[in-house]
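Here are my notes for your first look at this fold. Keep the structure open and check each point against it as you read.

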Amino acid sequence: GPPAAGGGRDRLARRRGARTAGGLNAVFGRWTEIVGEAAAVHATPVKLAGTVLHVQVDHAAWATQLAHLEATVLARVDEVAGPGIVTAVCYRVGKS
């Protein structure tokens with residue numbers, strides 16, 4: 001019979017999923033390299049929702065500091081994970 005509609009789209013989504021998973025592993029694995037040693041002690045990536053990286057920080061001051069550096073953080077994430085994997089970072093204060 002005829003191929004099911006949307007098969008190509010599913011394949012594309014799967015490929016993008018694999019690319020995203022690889023990028024996410026790179027972000028988590030190389031977080032210290034991305035934000036620097038000082039910040040990495042206080043900020044931990046928690047999850048990727050769409051293209052928004054959620055990061056937990058242990059103090060509001062770190063959320064403010066990292067928010068000011070967002071363009072730099074995103075540029076480093078692009079280098080490590082690939083362009084477009086993360087387009088924004090959301091910081092949340094809390095204890096792990």
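The numbered points below go from the overall layout to single residues.

1. **Start with the source.** This is a predicted model. Keep that in mind with every value that follows.

2. **The overall layout.** The chain has five helices and three strands. Along the sequence they follow the pattern α-α-α-β-β-α-α-β. The chain holds 96 residues, and 29% of them count as buried. Look also at how far apart touching residues sit in the sequence. Take the contacts in the chain with a separation of 6 or more: residues 24 or more positions apart account for 60% of them.

3. **The sheet.** Three strands make an open sheet in the order S1-S2-S3, and the pairing is mixed. S1 and S3 are the edge strands, each pairing on one side only. From one strand to the next, the twist averages 25°. As background, strands of a sheet pair through backbone hydrogen bonds, either parallel or antiparallel.

4. **The S1–S2 pair.** Six bridges join S1 and S2 in the antiparallel sense. One place to look is Ala 43, which stands opposite Val 57 in S2. The two strands S1 and S2 form a hairpin, with two residues between them. Find Gly 50 in that turn: its phi is positive, at about 70°.

5. **The S2–S3 pair.** In which sense do S2 and S3 pair? They are parallel, and the pairing runs over six bridges. Now place a helix on the sheet. Helix H4 lies across S1, S2 and S3. H4 runs at about 165° to S3.

6. **The nonpolar core.** The largest nonpolar core has 23 residues. Which of them touch the most other members? They are Trp 31, Ile 34, Val 35, Val 55, Val 86 and Tyr 91. H5 gives the most, with five residues. In soluble globular proteins, nonpolar side chains tend to be buried together.

7. **A closer look at Ile 34.** Leave aside the neighbours within four places in sequence. Ile 34 is then in contact with Val 27, Val 73, Arg 76, Val 77 and Val 80. Select these residues together on the model and view them as one group.

8. **Gln 56 in strand S2.** Gln 56 belongs to strand S2. Is Gln 56 buried or exposed? It counts as buried because its relative accessibility is 10%, and the cut-off for buried is under 20%. The bridge partner of Gln 56 in S3 is Arg 92. The side chains of Gln 56 and Arg 92 also make a polar contact, at 2.6 Å. A polar atom of the Gln 56 side chain also lies 3.3 Å from the backbone oxygen of Gly 94.

9. Lys 95 sits in the segment after strand S3, which spans 88–93. Its relative accessibility is 69%, so Lys 95 counts as exposed; the cut-off for exposed is over 50%. What does Lys 95 touch, not counting residues up to four places away in sequence? The answer is Gln 56 and Asp 58. Next, compare Lys 95 with His 59. These two are 36 residues apart in sequence, and 8.8 Å apart in space from C-alpha to C-alpha.

10. **The salt bridge.** Side chains of opposite charge can pair when their charged atoms come close. How many salt bridges does the count give? It comes to one. The side chains of Arg 30 and Glu 33 meet in a salt bridge, at 2.7 Å from N to O. Arg 30 has a relative accessible area of 36%, so it is partly exposed. Glu 33 also counts as partly exposed, because its relative accessibility is 48%.

Notes
Residues are numbered from 1 along each chain as its sequence is written. This is a predicted model: local features need pLDDT of at least 70, side-chain atom pairs count only at pLDDT 80 or more; totals for chains, interfaces and linings use all residues. Side-chain values use heavy atoms; hydrogens and water are left out. Helices (H or I, at least four residues) and strands (E, at least two) are DSSP runs, numbered from the N terminus. Buried means under 20% relative accessible area, exposed over 50%, partly exposed in between (1.4 Å probe, protein chains only). Contact means heavy atoms within 4.5 Å. A nonpolar core is a set of buried Ala, Val, Leu, Ile, Met, Phe, Trp, Tyr and Cys residues joined through side-chain atoms within 4.5 Å. Two strands pair if DSSP finds at least two bridges between them. Axes are lines fitted to C-alpha atoms, for helices over the stretch in contact, and angles run from 0 to 180 degrees between N-to-C directions. A salt bridge is a side-chain nitrogen of Lys or Arg within 4 Å of a carboxyl oxygen of Asp or Glu. A polar contact is a pair of N or O atoms within 3.5 Å; within protein, one must be able to donate a hydrogen and the other to accept it, and residues adjacent in sequence count only if both atoms are side-chain atoms.
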